[in-house]
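The sequence and the structure come first.

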Amino acid sequence: MTNGAEIVGICLRHGKPVRIWHQAGGERQSIATGTLSVTGEFIRLAETYPDAYIAWFDERLEPFLSEVRTWPDLVRHPLEILHLSCLQRCDLMVRSLGLVDFDSPFLLPGPTDRRYPTWLISPAGGIGASRTFRAVGLDPSFKELAASLFDLGYRGLQQGLCPYSEPRLLRNQVPAEVLEDLREPLSTTSLALLIKRCFGNKWLLFWTVGSGFFQQGWPWAAALRALFTRIGRYGDADLIESLRPLLPPEACSSVDVVIATLNRPDHVRNLLQDL
């Protein structure tokens, strides 16, 4: 797949596209950056190149990345999105989400030495199929790429999306100071909109009061703006269904039940003991 995969690459500087290119059949051509927001550019490219992979990375990480043209080889099925969340420590970018999401393991540090599922899709680098972005749908009301990708990951996870932090997108270890520089917290405006989008209006008040008591400042203005922001519906349910990986016909007759065991080692152990 390495030489034949169609890829659209987006190089970012502080969350803004500074270089975009298209590669197909071994040839690479530059694409002019538009005047749209970074989320708008993602949407435009996903529609313009419907069969391509979209890869993005921050220019500060470029010296440490593996060959972007090899990234499609790491994607096992269309609903996977691979990214660098655990290395970037995206959990530190949304600390106050713990006020509304009490038990999510994705708001804790994840392993950096292996593939790990998390909906906190990293703005620092990643890859996914254009049709996957169209299927789940990016929300253009988010002005920050990180917030837009987090929203995509949270909603997509509920629909069957498989976002993984994947260390093999890197070839060299990234210096701690570079990673720290990439770890810019979301603005209160983006956080409030993300909470409204993913958790609902009722949690905006809880988040606002909790932020005032446990953190510095009361984000009333951001919460009110989010409260009155109209949230559209994005995505294509039929396209999502068409992207789901299926067992081959010959295997269907031999499968009685599918048991979810991802990141549940105790459950796997108990299951094997019961067999």
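## Basis and terms

A residue is called buried under 20% relative accessible area, exposed over 50%, and partly exposed in between (1.4 Å probe, protein chains only). The model is predicted: local features need pLDDT of at least 70 and side-chain atom pairs count only at pLDDT 80 or more, while totals for chains, interfaces and linings use all residues. Residues are numbered from 1 along each chain as its sequence is written, and side-chain values use heavy atoms, with hydrogens and water left out.

Helices are DSSP runs (H or I, at least four residues), numbered from the N terminus. Contact, or touching, means heavy atoms within 4.5 Å.

## Surface patch

F214 lies in helix α7 and is classed as exposed because its relative accessibility is 68%. Together with L205, F213, W218 and W220, F214 makes a nonpolar surface patch of about 650 Å². Such a patch is built from residues with over 30% relative accessible area and no salt bridge, nonpolar side chains (Val, Leu, Ile, Met, Phe, Trp, Tyr) being joined within 5 Å. A salt bridge here is a side-chain nitrogen of Lys or Arg within 4 Å of a carboxyl oxygen of Asp or Glu. Accessible areas come from the Shrake-Rupley method with a 1.4 Å probe. Helix α7 gives the most to the patch, three residues.

## Nonpolar core

The largest nonpolar core has 28 residues, of which V94, L97, W119, F150, L186 and W207 touch the most other members. A core is a set of buried Ala, Val, Leu, Ile, Met, Phe, Trp, Tyr and Cys residues joined through side-chain atoms within 4.5 Å. Helices α4 (145-157), α6, α7 and α8 each give two or more residues to this core, and the largest share, seven residues, is from α6.

Beyond neighbours within four places in sequence, the contacts of W207 include L99, L191, I195, P219 and A223.

## Helix α8

In α8 (residues 220-227), the buried residues are A222, A223 and A226. They line one face of the helix, because they fall within an arc of 100° seen down its axis; the arc is taken from the directions from the helix axis to the C-beta atoms. Among the elements covering these residues are α6 (188-199) and α7 (202-214).

## Two buried residues

L182, in helix α5 (residues 176-182), counts as buried because its relative accessibility is 7%. Leaving out residues up to four places away in sequence, L182 touches D58, R60, L61, Q88 and A124.

S148, in α4, is also buried, at 1% relative accessibility. With the residues up to four places away set aside, S148 touches T39, L138, D139 and F142.

Terms used. Patches are made of residues with over 30% relative accessible area and no salt bridge: like charges are joined within 9 Å, nonpolar side chains (Val, Leu, Ile, Met, Phe, Trp, Tyr) within 5 Å.
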